[in-house]
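Colleague: I'd like to learn how to read this model feature by feature. Could you take me through it, starting with the strands?

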Amino acid sequence: MSEYILEMNNITKEFPGVIALSDVTFQVKKGEIHALVGENGAGKSTLMNVLSGIYPYGSYSGEIIFKGAECRFRNIRDSEAAGIAIIHQELALSPFMTIAENIFLGNERARNGLINWDETNKEAAALMKKVGLDEKHTTQVRNIGVGKQQLVEIAKALSKNCELLILDEPTAALNDDDSDHLLGLLQTLNKEHGLTCILISHKLHEVIKIAHSITVLRDGKTIETLDNTVPVSEGRIIKGMVGRELTDRFPKHTPNIGETGFEIRDWVVHDPLNEERVVIHNVNMYFRKGEIVGLAGLMGAGRTELAMSVFGRAYGRKISGTLIKDGKEITLNNINQAIANGIAYVTEDRKTAGLVHIQDIKRNITLANLKAITRGIVINEDEEILVGKDYRKRFDIKSTSVFQKVGNLSGGNQQKVVLSKWIFAAPDVLILDEPTRGIDVGAKYEIYKIILQLADAGKCIIMISSELPEILGITDRLYIINEGRVVGEMKTSEATQEDIMATIIRSSAGR
Amino acid sequence: MDGIKEFINRNLRQYGMIIALVIIIVFFGFVTGGRLIWPRNVSMLVRQNAYVLILAIGMMFCILTGGNVDLSVGSLVALVSAMSGLMATTLGLPSGLAILISVLTGLLAGIWQGFWIAYVRVPPFIATLSGMLVFRGINNIILNGQTLPLSGLYVTIGTGSVPDIAPNTAPDFLRIGDLLQLQNKPEYLNMTMLVTGLALSIIYVLVVIFNRNSKKKRGYEVQPLSLVIVKIISFFIVINLFSYWLAMDDGLPIMLILLAALYAIYTFIATKTIPGRHIYAMGGNIKAAELSGVNTKKMMFLVYANMGLLSGVAAVVTAGRLMAASPNVGVSFELDAIGACFIGGASAYGGVGTIWGAVVGAFIMGVMNNGMSIIGLNVFLQSVAKGLVVLLAVAFDMYSKSKSRLG
């Protein structure tokens, strides 16, 4: 038997009009953590879907050899039976069921069709211990955080006696603590139980930290497999991913800052579900034209809630405070009024709240400003096509045409469509909530360029981001938010990651 | 050539539906020994199935908002019929006024349901299930189990035709119906219908050509010329053949004018106006639509209020054709309308579907209803057949979607 537990040889997979994978070869050694990296649309998820049987045998060409035998998986059950488990980015848990029930979902501990609860609970407790999940097995999954839900998924995979575990962006939605815990767990499982892992991630520092080998995909082709037993540099990986050295991760830019365009005064917001609880405490901020202002903070600091409450009360109850735009007080009671007053909010939740996936590019772009292409009461669809083509060209949205459904675009290109939509709405104040989340390095750079263009056009840009290097790389000034309060304000040129973290920690400790 | 390919790909589902309709017409034309396509039968088919088409148009919007349906339309048709009987017969109001009040009753009922659905957030399935019981009950209270006769404008709308502008002036070479032995009125040809058909088709051709030229001039994208020519010619033939067919019977049914007007208005709303766009967007992703400034509550309200309005129209049409308001009218109309929408390509999750699809779906239902009645198929078997066709249509949709899905 060879040293490889998995060999995927010459895999080619085509979709109508697109070759997603072209002659890809991917080999994983037994007992290693193997990272799979590449830009969005490089074919990572497609490759894993081929491996796990989501794209059944026959729908691709090439061969899969697992544990020395050729495999022809027709569905996920086949691949699971062979010992391959995949954990998708979107967790597949049932929120109203308990942790134990979720662990054994589809794999119930049962005798003669009746569930054996004693065995279920006992085994669940053992698995939870193994993954370091400190909760009761009877807790409903909706009551635990994303980090712990991720652990439930891993326990679920282990319950199926898997030998090869695939994790697709496991830390994308986790904070640093939870990420560290998860990565530590993977290393433990790998070392102590010999579990082989394939890790798909955009966070290169994580990859470098825990992977033994790194395979880089680009445009549906295998570029190289790097040995990471001696850590390689981020730059080295990025070079493989984008096909060139990316010397600067952020575009060069000289800001041209004008007068104050937008102000938030004495802003207080209460929890929509629990009116007693105050989510945003008396926030005061100002934003100048042509200036990019970052909102830094930990996950759950209240930045999204603040932004959405400003955006026509899309979040919260009992909102009080004043909004001042161009020196005049404005009242925004609903989203329509916010848009009409030149405020735009680009959601962090691109997949579920940013786009209409079954509609095409042009329709998504015009949705927030249909009035602009309407004469009388008639929408001018020809004009719409021109608008679509204009943005497609301007932002280099990679697609077959403006008639392509956005559900078929890669993450970075979807984000360009979302940005196009809001730029077409011609706002003066643009709130960007995690605009580069889940987007690869190359596309990030293009998004930054768009943001800088907008600033140069004299718009107030408010940027929420959980990646401090990004905040430091692109903004001109930043507010630090913690627990619903503004706890600091800095010029970006004078700020460091350490300053920001220290401010956050001090503010939490001070209460 | 690429342009043509792309255009066909983009509209594949619609052509599939038309092909299905043609196959069903040919099939039933064959098994009924040609009786299905007799002019007499064609004009009857239009009148008999007008209600499906009217209700399917309204239902399409409900489904577009997110796979929601309105289960109450059959009962609402009954309620509005009863209103008609009460106003026109019991109270003796002029039939025009009675019709107005009846249609407004439908709208009011729609507003009632729209309120609960949009603003109280009662799930549409439940709110309209309630309506189904309530409206049927009110019908029975008003009519007290009796059937009331209707006359006047009701009957004109339900069964009438536009008078012949110039009887017996059709040129001889056109009178070939007799040769085919299709007519009950030998050698009759209705000039109103012929002229209307010809005029409409000429106007259509001119509008298409004019639009294409002006688009080209302003630098917009236009469909390939060869495709436009094929479209124009087939439309020209279909319209004139259809009008010739109706001309061999009693000419232009008033109901057909009503149907054409409703089709035109609602197609316009669905494709060319902001509310139409907003309904499609919310059906595709309600959260994204809300964050883009779509007032989803208002849309939901309008869609259900409109469904009530159209139910009122369908009720007047049905009562007029039956010349009576009866307690049993409208049973399972909602299912015909929902079925027509799904046969016509609506997605069960919302966001996908066209008024044109609803119309073709309604015609497929209508031809099946009519064809099965002509061959004397047992009513229960008819029901089985219709049920299976709806199932197959949606199954085909799901299958073709899973085939074309991208990563």
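Modeller: One term to begin with: two strands count as paired if DSSP finds at least two bridges between them. With that in hand, β4(A) and β5(A) form a hairpin. Bear in mind throughout that this is a predicted model.

Colleague: How many residues lie between β4(A) and β5(A) in the hairpin, and what is phi for K67(A) in the turn?

Modeller: Two residues lie between them, and K67(A) has a positive phi of about 50°. The pairing of β4(A) with strand β5 (residues 69-71) of chain A is antiparallel and has three bridges.

Colleague: Which other strand pairs with β4(A) in the antiparallel sense?

Modeller: That's strand β1 (residues 4-15) of chain A, which pairs with β4 (residues 61-66) over five bridges. Here T12(A) has S61(A) in β4(A) as its bridge partner.

Colleague: Now a parallel case. Which strand does β18(A) join, and by how many bridges?

Modeller: β18(A) runs parallel to strand β21 (residues 429-433) of chain A, and four bridges join the two. Opposite V346(A) you'll find L432(A) in β21(A).

Colleague: Which way do the residues of β18(A) point, and are they buried or exposed?

Modeller: The general idea first: side chains in a regular strand alternate between the two faces of the sheet. In strand β18 (residues 343-346) of chain A, I343(A) and Y345(A) point one way, while A344(A) and V346(A) point the other way. All of them are buried.

Colleague: What about T25(A): is it buried, exposed or partly exposed, and why?

Modeller: T25(A) has 14, so it is partly exposed. The residue sits in strand β2 (residues 18-29) of chain A. Beyond its neighbours within four places in sequence, T25(A) is in contact with M8(A), N9(A), N10(A) and T222(A).

Colleague: Let's zoom out. How is chain A divided into domains?

Modeller: Domain 1 covers 4-242, and domain 2 is made of 260-342 + 427-509. Their centres, taken over C-alpha atoms, are 35 Å apart. Nine residues from domain 1 and eight from domain 2 make the contact. On the domain 1 side, those residues are four nonpolar, three polar and two charged.

Colleague: Why can the overall size of chain A be said to agree with a compact globule?

Modeller: Because a compact globule of 511 residues would have a radius of gyration near 24 Å, and chain A has 24 Å. The chain has 17 helices and 24 strands, and 44% of its residues count as buried.

Colleague: And how many residues of chain A are in contact with chain B?

Modeller: 31 residues of chain A are in contact with 24 residues of chain B. Elements giving two or more residues to the chain A side are α10 (335-340), α11 (350-354), β20 (378-379) and α13 (381-394). By class, that side has 20 nonpolar, nine polar and two charged residues.

Colleague: Last one: how far does helix α10 of chain B reach, and what span is expected?

Modeller: α10 (residues 225-248) of chain B reaches 35 Å from its first C-alpha to its last, close to the expected 34 Å. Among its buried residues are S243(B), Y244(B) and L246(B).

Terms used. Residues numbered from 1 in each chain as written. Chains lettered and ligands numbered in written order. Predicted model: local features only at pLDDT ≥ 70, side-chain atom pairs only at ≥ 80, totals over all residues. Rg over C-alpha atoms; globule rule 2.2 N^0.38 Å. Buried ≥ 20, exposed ≤ 12 C-beta atoms within 10 Å, placed from the backbone. Domains from an automatic or database assignment. Contact = placed C-beta atoms within 7 Å. Nonpolar A, V, L, I, M, F, W, Y, C, P; charged D, E, K, R; others polar. Expected span 1.5 Å × (residues − 1).
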